[in-house]
Amino acid sequence: MVTNIAGVMADLEPEDFYLLSGVEQGMRFSEWVRRDKLPDYADLTVEEVDYRLDRCLDEELIERRTIQYEGYQLTFEGYDALALRTFAERETLQGIGAPLGVGKESDVYEARSFKPLALKFHREGYTNFREVMKEREYTADRQHVSWLYTARKAAEREYEALETLYPDVSVPRPVDQNRHAIVMDKFEGVELARSKLESDQVLGVCNLVIRELTTAHEAGWIHADISEHNIAIAESGITIFDWPQAVREDHENAREFLERDLRNLTKYFARKYPRETPDSIDVAAIADAVEDGSFETIREFGGV
Ligand SMILES: Nc1ncnc2c1ncn2[C@@H]1O[C@H](COP(=O)(O)OP(=O)(O)OP(=O)(O)O)[C@@H](O)[C@H]1O
Ligand SMILES: [Mg+2]
């Protein structure tokens, strides 16, 4: 469980951040960074390193392990602190607030600025690192690939997708990205999974989602993790979020991902709203329509 870093931030001094970035630098080369390398990496004296190590260990921003040598590693809290500091320096954020969603692969917080924002810390690699590597097409271009790298790649990928898609597709407006964190507009509404649609809204919402996926496809992206948990629904419309695993429309498995997205979506509607949803929906035919930009309504793709 990664605790909310906001409380710790106020107590940290510039030298603490030097130490944290020193550990971060060392982690590019080894999982556990040798203590005797830290003065160089952090640009601090040996005495200062000793003092800062104790402080950062107390705050659980770093971890120590002694096997063949005494080594240090950032914790996710330490990595969060570095990203937050960058956002504060860039004046992206004024502060962080209540959790909006805490998952296996991310922690999302409300963030304060001139308007309500959301701050998402990626946690990929911490829990199921190997699966993420396999499923999500991250290339390991070094022998040593730490969770830092995996989580940062996920954030970069998600931010890139949001930047291309916004505003043509209803995705959260991207605001900033650093390390494993992204800042975006906070969206309105509740997850589709937790909403109860009126009979006469069901097909409309389903069509709306598929039209958004069609526009995303035109812009070159397939979400690849569509579910009732990654779609928000509000009076003002829908938002499709959670894009770190998105693939390009020219990816060799693009068609497979697209059909899986459409199958997840239509199955959800068929299960939850059987009376309003057409029978035996032809997912492959919908995928064809998405690919050639001609999708209009799901009515054409199943019986009544
Ligand atoms: N921009 C946002 N505005 C408001 N709430 C958000 C925003 N982004 C995420 N959330 C909330 O946080 C939850 C988790 O976000 P998201 O789906 O992006 O990550 P995740 O589900 O942990 O990722 P993964 O599917 O990779 O495990 C969402 O269900 C939503 O409730
Ligand atoms: Mg999600």
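Predicted model: local features only at pLDDT ≥ 70, side-chain atom pairs only at ≥ 80, totals over all residues.
Contacts between the two domains involve 15 residues of domain 2 and 16 residues of domain 3. On the side of domain 2 that touches domain 3, helix 7 (residues 147-165) provides the largest share, with 7 residues. The composition of that side of domain 2 is 7 nonpolar, 3 polar and 5 charged residues. The domain assignment of the protein chain places domain 2 at 95-185 and domain 3 at 190-301, and also gives domain 1 at 6-77.

Ligand 1 lies between domain 2 (95-185) and domain 3 (190-301), because both give residues to the shell around it. This shell consists of 20 residues, of which Gly101, Gly103, Glu105, Ala118 and Asp242 are the closest. At least two residues of the shell are supplied by each of strand 4 (95-102), strand 5 (106-112) and strand 6 (117-122). By class, the shell around ligand 1 comprises 8 nonpolar, 5 polar and 7 charged residues.

Helix 2 (residues 14-26) was examined separately. Its 13 residues should span 18 Å at 1.5 Å a residue, which agrees with the 19 Å between its end C-alpha atoms. Buried positions in helix 2 are Asp16, Leu19, Leu20, Gly22, Val23, Glu24 and Gly26. The buried residues of helix 2 pack against helix 3 (38-42), helix 4 (46-58) and helix 5 (76-89), as well as against strand 1 (33-34), strand 2 (62-66) and strand 3 (70-74).

Definitions and conventions. Residues numbered from 1 in each chain as written. Chains lettered and ligands numbered in written order. Near = placed C-beta within 6 Å. Helix = DSSP H or I, 4+ residues; strand = E, 2+ residues; numbered from the N terminus. Nonpolar A, V, L, I, M, F, W, Y, C, P; charged D, E, K, R; others polar. Domains from an automatic or database assignment. Expected span 1.5 Å × (residues − 1). Buried ≥ 20, exposed ≤ 12 C-beta atoms within 10 Å, placed from the backbone. Contact = placed C-beta atoms within 7 Å.
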